[in-house]
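Open the model in your viewer and keep the sequence panel beside it. The stops below go from the whole chain to single residues.

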Amino acid sequence: MAPAAKIAPSMLSCDFACLASEAERMEKAGADWLHMDVMDGHFVPNLTIGAPVIESLRKHSSAFLDCHMMVSNPADYVAPFKKAGASQFCFHLETARDTWPELLRTVKDAGMRVAVAIKPGTPVEDVFPLVEHDPPVDMVLVMTVEPGFGGQKFMPEMMPKVEVLRKKYPELDIEVDGGLGPSTIDTASCAGANCIVAGSSVFGSSDPPATIAALRKSVVGAANKI
Ligand SMILES: O=C(CO)[C@@H](O)[C@H](O)COP(=O)(O)O
């Protein structure tokens, strides 16, 4: 059975001064998850939020917090993010080439869902061992922009990675992130993505509930055809 659609507004595009109310606005608009972009100014050339912000948000929201760890040393963040209330810990494979089995186990033992992300230049085959490992990753995030900033252009050339993953792992959660919106969603959902991160297109929309509904409709429609 195809995994359920999960629409995850990227809070990177929200008004950070009003994080709790922005989160509530997205939940009311139909978001399944809230995507939290954690950047350390080292793995990517941008600095955003850390565990204290997740902890503050958690006091105001019971939402599923999908934490995308764009950090050079993900292992250092597992315990603080668990304590802060993260729901899913998604590390970049490029930061854990030799350490991922231990990292995967540590995140699982901490009680969070674990996911792995790959940058545009990383071959999709590199994640197969993580999906086939015991325990396996719960989700693979295929980046459709270079990580670091919101508002970039969707890279359709990443879709073969999604197609390969969907064909090989029919029940796997596959997330795409970067440049997703009403004009690009069909390309991603037809390739097999079911978890959709969307920042600018949702927060820049005059009708976020309608935008989220349109993203969901595309994913559900494509899943019925695959
Ligand atoms: O991880 C990232 C950027 O590194 C993303 O989550 C973006 O924040 C998505 O923003 P849009 O491309 O949808 O504006």
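**Before you start**

This is a predicted model, in which local features need pLDDT of at least 70 and side-chain atom pairs count only at pLDDT 80 or more, while totals for chains, interfaces and linings use all residues. Residues are numbered from 1 along each chain as its sequence is written.

**Stop 1: the whole chain**

Show the chain as a cartoon. It has nine helices and eight strands; helices (H or I, at least four residues) and strands (E, at least two) are DSSP runs, numbered from the N terminus. The C-alpha trace spans about 40 × 40 × 30 Å along its principal axes. A compact globule of 226 residues would have a radius of gyration near 17 Å, and the 16 Å of the chain agrees with that. That radius is taken over C-alpha atoms, and the globule rule is 2.2 Å times the number of residues to the power 0.38.

Colour by burial next. Buried residues are 45% of the 226 in the chain. A residue is buried if 20 or more other C-beta atoms lie within 10 Å of its own, exposed if 12 or fewer, and partly exposed in between, with C-beta atoms placed from the backbone. Of the contacts with a separation of 6 or more, 67% join residues 24 or more positions apart; a contact means that the C-beta atoms, placed from the backbone, lie within 7 Å.

**Stop 2**

Select Asp37 and Asp177, which an unreviewed UniProt entry gives as "active site". They span 141 residues in sequence, yet no two of their C-alpha atoms are more than 10.6 Å apart, so they gather at one spot. UniProt positions are given in the numbering used here, feature names are shortened, and annotations may be inferred rather than shown by experiment.

Asp37 is in strand S2 and is buried, with 24 other C-beta atoms within 10 Å. Beyond residues up to four places away in sequence, Asp37 touches Ser10, Leu12, Thr48, His68 and Met70. Asp177 sits in strand S7 and is buried too, with 28 C-beta neighbours inside 10 Å. Among the contacts of Asp177 are His68, Leu141 and Val197.

Under "binding site", the unreviewed UniProt entry covers His35, Asp37, His68 and Asp177. These span 143 residues in sequence, but no two of their C-alpha atoms are more than 10.6 Å apart, so they gather at one spot. His35 lies in strand S2 and is buried, with 29 other C-beta atoms within 10 Å. The residues His35 touches include Ser10, Asp66, His68 and Val197.

**Stop 3: the ligand shell**

Which residues come nearest to the ligand? Of the 22 around it, they are Ser10, Pro147, Gly150, Gly199 and Ser200. Strand S2 (33-39), strand S8 (195-198) and H8 each give two or more residues to this shell. A residue belongs to the shell if its C-beta atom, placed from the backbone, lies within 6 Å of the molecule.

A further UniProt "binding site" annotation (unreviewed entry) includes Ser10, Gly150, Gly179 and Ser200. Select Ser200, in helix H8 (200-203): it is partly exposed, with 17 C-beta neighbours inside 10 Å. Ser200 is in contact with Ser13, Gly150 and Gly151, leaving aside neighbours within four places in sequence. Gly179 is in the loop between strand S7 (173-177) and helix H7 (185-191), and is buried, with 23 C-beta neighbours inside 10 Å.

**Stop 4: helix H4**

Select residues 100-110, where Trp100, Leu104 and Val107 are buried. Seen down the axis of H4, its buried residues fall within an arc of 70°, so they line one face of the helix. The arc is that of the directions from the helix axis to the C-beta atoms. An α-helix has 3.6 residues a turn, so residues three or four places apart point the same way.

Helix H3 (78-84), strand S4 (88-92), strand S5 (113-118) and helix H5 (128-131) are among the elements covering the buried residues of H4. Just after H4, Gly111 takes a positive phi of about 95°.

**Stop 5: Pro156**

Finish at Pro156, in the loop between strand S6 (139-143) and helix H6 (159-168). Pro156 is partly exposed, with 13 C-beta neighbours inside 10 Å. Its C-alpha atom is 26 Å from that of Ser206, 50 residues apart along the chain.

Methods: Contact = placed C-beta atoms within 7 Å.
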